[in-house]
Amino acid sequence: MNKLSVIIPARNEADNLNECISAISKELIDQSIDFEILIIDDGSTDNTINVIKETSQSIPKVKFIRNEEENGFGRAVCLGLENFTGDAVAIMMADRSDSPKDLVSYWKCIQDGNDC
């Protein structure tokens, strides 16, 4: 496996998103892991979309999709799962409740031939 996709559903996460994306991308870059981060804006009414656009300009591996259909966490996750391009995928929370170090551990586990 060569590329890891990280899906982050986000609804009104303007205050958390930049730090979340930066921490994930830094950890993956430090570990020399090829990746994409796919943010799914799930109908945010705050500044989330502007934060996503700014971050995607400074971190080219960040892509985003606006959920134009009915909103909801599960729908946002499904939209991400329909559009990721990596060999493996992880779903992480925009509120930074998931550790980027755990993400790397799971990736390494998969690289060793284990299921996660």
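This passage describes the fold, surface and selected residues of a predicted model of one protein chain.

Local features were taken only at pLDDT of at least 70 and side-chain atom pairs only at pLDDT 80 or more, while totals for chains, interfaces and linings use all residues. Residues are numbered from 1 along each chain as its sequence is written, and side-chain values rest on heavy atoms, with hydrogens and water left out.

The protein chain contains 4 helices and 4 strands, where helices (H or I, at least four residues) and strands (E, at least two) are DSSP runs numbered from the N terminus. Their order from the N terminus is β-α-β-α-β-α-β-α. The radius of gyration is 13 Å, close to the 13 Å given by the globule rule for 116 residues, so the chain is as compact as a globular protein of that length. This radius is taken over C-alpha atoms, and the globule rule is 2.2 Å times the number of residues to the power 0.38. The C-alpha trace spans about 40 × 25 × 25 Å along its principal axes.

Of the 116 residues, 44% are buried; buried denotes under 20% relative accessible area, exposed over 50%, and partly exposed the range in between (1.4 Å probe, protein chains only). Among contacts with a separation of 6 or more, 76% join residues 24 or more positions apart, a contact being heavy atoms within 4.5 Å. The accessible surface amounts to about 6,400 Å², and carbon and sulfur atoms contribute 45% of it. These areas were computed by the Shrake-Rupley method with a 1.4 Å probe; for residues, only the protein chains shown count as cover.

The number of disulfides is 0, a disulfide being a pair of cysteine sulfur atoms within 2.5 Å. C20 is buried, at 3% relative accessible area, whereas C109 is partly exposed at 25% relative accessibility.

M1 lies in the segment before β1 (3-10). Apart from neighbours within four places in sequence, M1 contacts D87, A88, W107, I110 and Q111. G113 is located in the segment after α4 (100-111) and is exposed, with a relative accessibility of 63%. Although G113 and M1 are separated by 112 residues in sequence, the C-alpha to C-alpha distance between them is 9.7 Å. For M1 and R96, 95 residues apart in sequence, the corresponding C-alpha to C-alpha distance is 26 Å.
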